[in-house]
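Biologist: Can you go through this one with me? I would like to take it residue by residue.
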Amino acid sequence: MENNKTYVKNGIIYVNGNVTSIKGMVQKDQRITVVAKSNITITNHLTYEDDPRNNPDAVNVLGLLAETGNIIIDPKDSSGNVLGDPNIHAVLMAPNGVVQVANYSTRPPAGDVHLLGGIISKNYGAFGTFSTDRNGNPIPTSGYGRDFWYDYRMRSGYAPPYFPTTGRTIQEGNPQTQRWIFIDSWREIWK
């Protein structure tokens, strides 16, 4: 780390366990995938320096992959209070779990989670609870609402480094030797 910047040479950070706090800004020239064997917890804003909604040629991208666990959104400000309207710029993947807000049904309403990227998960996770007014309009009662923006760079094959959903890589090997390998094509057979 130099001047509060972390440089990632091959684009992959692997943690054999939990990532208990991830937050910050992905520099405009960085492409990163963070993989955790278990859970990943987002604890504050997690944004791109170069927002692809403003610059379609932006190259910074972040993928978060919780292999066997969940991606938990639990943003707090510097005083430890619930952070209102958190911004998350990343493709979030929990293939065996959920992407959801921590304590979604008991935390006070705090605006929306503003996600730029995408979510891939086994189950649909909760972000908050709502009631309705007499006209049927939603009124937040806990947690966050959802303000999701798909990162359109992903539809043209752009993705975080070695991200498994690109259709060009697969995981092979046991936990001690697993790696992502390049594939040209595959066939799925359902029985």
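Modeller: Start with Phe127, which counts as buried because its relative accessibility is 2%; buried means under 20% relative accessible area, exposed over 50%, and partly exposed in between, with a 1.4 Å probe and protein chains only. This is a predicted model, where local features need pLDDT of at least 70, side-chain atom pairs count only at pLDDT 80 or more, and totals for chains, interfaces and linings use all residues. Residues are numbered from 1 along each chain as its sequence is written, and side-chain values use heavy atoms, with hydrogens and water left out.

Biologist: How many aromatic pairs does a search of the whole structure find?

Modeller: Two. Rings of Phe, Tyr and Trp (its six-membered ring) pair if their centres lie within 6.5 Å; planes under 30 degrees apart count as stacked, over 60 as edge-to-face and the rest as tilted. Phe127 and Phe148 make an edge-to-face pair, with 5.6 Å centre to centre and 65 degrees between the planes.

Biologist: Where do Phe127 and Phe148 lie in the chain?

Modeller: They are 21 residues apart and the pair links distant parts of the chain: Phe127 is in the loop between S9 and strand S10 (128-132), and Phe148 is in strand S12. Strands (E, at least two residues) and helices (H or I, at least four) are DSSP runs, numbered from the N terminus.

Biologist: Is Phe148 buried, exposed or partly exposed?

Modeller: Phe148 counts as partly exposed, at 36% relative accessibility.

Biologist: And why is the pair of Tyr150 and Tyr152 edge-to-face?

Modeller: Their ring centres are 5.3 Å apart and their planes are at 90 degrees, so that pair is edge-to-face. Tyr150 is partly exposed at 40% relative accessibility, while Tyr152 is exposed at 52%.

Biologist: New topic. What is the phi of Asn103?

Modeller: About 50 degrees, which is positive although Asn103 is not a glycine. Most residues other than glycine have a negative phi. Asn103 sits in the loop between strand S8 (99-101) and strand S9 (112-121), and it counts as exposed because its relative accessibility is 53%.

Biologist: What about Tyr162, where is that?

Modeller: Tyr162 is in the loop between strand S12 (145-150) and strand S13 (169-172). Its phi is also positive, near 55 degrees, and Tyr162 is partly exposed, with a relative accessible area of 47%.

Biologist: Last one: which residues does Thr47 touch?

Modeller: Leaving out residues up to four places away in sequence, Thr47 touches Gly24, Met25, Val26, Asn87 and His89, where contact means heavy atoms within 4.5 Å. Thr47 belongs to strand S4 (residues 40-48) and is buried at 15% relative accessibility.
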